[in-house]
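Look at the structure below before reading on.

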2 protein chains.
Amino acid sequence: MVNDMRKRRIVIIGGGTGLPVILRVLRKHYLDITAVITVGDDGGSSGKIRKQIDVIPPGDIRNALSALSESESSIARVFQYRFQNEGELKGHVVGNLLLAALADMHGDALEAIADLSNILNVKGVVLPATTIPLQLQAKMTDGSVVVGESNIPKVRKPIEQLEIVPDDARASQRVVDAIKEADLIAFGPGSLYTSILPNLLVHDIAQAVISSKAQKVYVCNILTQLGETEGFSDADHVRILHEHVGEKFIDHVLVNEKTVAPALIFPEGVTQVDSNIKGMEDQEVAPIFDDYLDTSDGFVRHDAERVVERLIALIDKSRHS
Amino acid sequence: MVNDMRKRRIVIIGGGTGLPVILRVLRKHYLDITAVITVGDDGGSSGKIRKQIDVIPPGDIRNALSALSESESSIARVFQYRFQNEGELKGHVVGNLLLAALADMHGDALEAIADLSNILNVKGVVLPATTIPLQLQAKMTDGSVVVGESNIPKVRKPIEQLEIVPDDARASQRVVDAIKEADLIAFGPGSLYTSILPNLLVHDIAQAVISSKAQKVYVCNILTQLGETEGFSDADHVRILHEHVGEKFIDHVLVNEKTVAPALIFPEGVTQVDSNIKGMEDQEVAPIFDDYLDTSDGFVRHDAERVVERLIALIDKSRHS
């Protein structure tokens, strides 16, 4: 009985702005959380920083730390402050600058994240997929190659294969250990090619995921993304993940079944992700349909409460089986 | 007897890099410390920040906070981290950016400083002379006017009178209260025109100093400064302070009597400050001669231990009189 009270271990893998929405809710539950964050971002403030300093892009890590922060202090708030005024500081975010400065001071990104986790009273652990800043490159179906995460969706061509540079980047040992010890591994929500796949292209991570006995759940996007997943069904999203890893590994897929109001679907070309049940069956994944839609702020997002409820139900199920 | 155990209150007024050296030692004593910091700086990282954001220049305040910090955490160290790499961040200091961001977030520089004081576990209180960013302007003896703290010494002309813009800037109430309640008020060490005088040109501060019953001590510079105090004796330094305030207010002057090795006096034109005992007597100030010289790092600095020893002796003397 005592053993059954231990915190269940969830590893959630992704990046971008979708993941923090889920983390903010996960934090409120009795769980041992590890967020594994992609380091391929080269746009915005992160992109500017990594051009100047040889550091992993801080933005996605900052957002994950902020989402898991249990502090309501000024420092936790200023961590997300973005300089607005004209000039060289414009667009930079305080937390990004702190992360870059600490990483440079320690010569170690993991130590920098640990410092910030202390300051922000972070629940759980935030880890970069690797401590090497990655460059993404995409081979398109027409044979062309596009380099740089921020450039890939811009060309709006179908992607044949995503690659990371360097392709032999190693995962942090702590990432591998967390995956090995997980009770549940969740992927996303996030951009398929630019937030989720880059993590799985790190060889150690893919291997750890494949050999882990944990349930693996993919939180499928609600809408398609221009230049990334145009016209994709849920099964297409899963197929891309399986193809890049070279093996079937996903057990469950959270699929939104609620129709999105057309007015909320923009820009032009974006559509709601269709469900292809046959395609899912072929890949031996079990869809978990539900109303995962939250449009309360006028944007299409995942209903984090519902997603987390489903994730926890999966953990509970595996516990009692 | 119980009353006699209360912490003696010292207010130390200045700016620049001289003051923090003293603050670092003051911090170790059983004292209630208030550091009042000038806000006229327009050079370096501070100057760049105030060009972009309407905020008091953070550099001198940052150094005072750091000097009074009792924290040995990474955040206290990264607070003084200066971006070195090429690019737009080069030369910016993390603490300056934090101060600017917090001040903008709160719309209040004092609250920003209070936040940082908490984070850094600061002993005592650091206050800007005013919360309005000041511009300094100097009327030269040849009738010309030079605007901007960083420009004033560059022209290397004798200064007739220093002014602040706006000339009706008000002191923070907390500064006035601290001066009123002080047992000792110390000025400097620091640049006479650009670190000490700007504080005294704030009308409320000058009035509070004049009406305070506390002992007032000026820590005189050891060397002259190009374009500021060339050829000045100790009495000349005091005269400039008295002339600008319009009244004699200094009781004691700490005057270094140790000869500085010529090799340490640079650049050309700088000399050791001579003592003019007659000039001091005429202004009714009592010099306290001692060896205040510290050249351990190859630069001419005040021996902070000795200065603090003398300041505390003055407080003790006033306590028992």
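Arg306(B) is partly exposed, because its relative accessible area is 27%; buried means under 20% relative accessible area, exposed over 50%, and partly exposed in between (1.4 Å probe, protein chains only). The model is predicted, so local features need pLDDT of at least 70 and side-chain atom pairs count only at pLDDT 80 or more, while totals for chains, interfaces and linings use all residues. Residues are numbered from 1 along each chain as its sequence is written, chains are lettered from A and ligands numbered from 1 in the order in which they are written, and side-chain values use heavy atoms, with hydrogens and water left out.

What does Arg306(B) form with Asp290(B)? The two form a salt bridge, and their closest N and O atoms are 2.9 Å apart. A salt bridge here is a side-chain nitrogen of Lys or Arg within 4 Å of a carboxyl oxygen of Asp or Glu. Asp290(B) lies in strand E10 (residues 286-290) of chain B and Arg306(B) in helix H12 (residues 304-320) of chain B, so the pair ties together parts that are 16 residues apart in sequence. Helices (H or I, at least four residues) and strands (E, at least two) are DSSP runs, numbered from the N terminus. Asp290(B) is buried, at 11% relative accessibility.

A second salt bridge in chain B joins Asp142(B) and Lys157(B), again with the closest N and O atoms 2.9 Å apart. Asp142(B) sits in the loop between strand E4 (135-140) and E5 of chain B, and Lys157(B) in the loop between E5 and E6 of chain B, so this pair ties together parts that are 15 residues apart in sequence. Asp142(B) is partly exposed at 49%, and Lys157(B) is partly exposed at 31%. In chain A, Asp236(A), Arg239(A) and Glu243(A) are linked in a network of salt bridges. Over all chains the count comes to 28 salt bridges.

Now turn to the backbone. Most residues other than glycine have a negative phi, and most peptide bonds are trans. Arg156(B) has a positive phi near 50° and is not a glycine. Its place is in the loop between strand E5 (145-147) and E6 of chain B, and Arg156(B) is partly exposed at 43% relative accessibility. The peptide bond from Val165(B) to Pro166(B) is cis, with omega near 0°; Pro166(B) is in the loop between strand E6 (159-165) and helix H7 (173-181) of chain B. In chain A, a cis peptide bond with omega of about 5° joins Gly188(A) and Pro189(A). Pro189(A) belongs to the loop between strand E7 (184-187) and helix H8 (192-200) of chain A.

How many residues of helix H8 (residues 192-200) of chain B are buried? Nine of its nine residues are buried, so the helix is mostly covered. Among them are Leu192(B), Tyr193(B), Ile196(B) and Leu200(B). Cys220(B) is also buried, at 2% relative accessibility. A search of the whole structure finds zero disulfides over all chains, a disulfide being a pair of cysteine sulfur atoms within 2.5 Å.

The next step is to compare the chains. A rotation of 180° with 0.0 Å of shift along its axis superposes chain B on chain A, with an RMSD of 0.0 Å; the superposition is by least squares on the C-alpha atoms of residues with pLDDT of at least 70 in both. The two copies are thus related as by a two-fold rotation axis. Of the residues of chain B, Glu88(B) comes closest to this axis, with its C-alpha at 2.8 Å.

The contact (heavy atoms within 4.5 Å) takes 27 residues from chain B and 27 residues from chain A. The area buried between the chains is about 2,500 Å², and carbon and sulfur atoms give 68% of that. Buried area is the accessible area (1.4 Å probe) that two parts lose on being put together, summed over both.

Across this interface the rule finds two salt bridges. In one of them, Lys48(B) pairs with Glu88(A), the closest N and O atoms being 3.9 Å apart. Helix H5(B) supplies the largest share of the side of chain B that touches chain A, nine residues.
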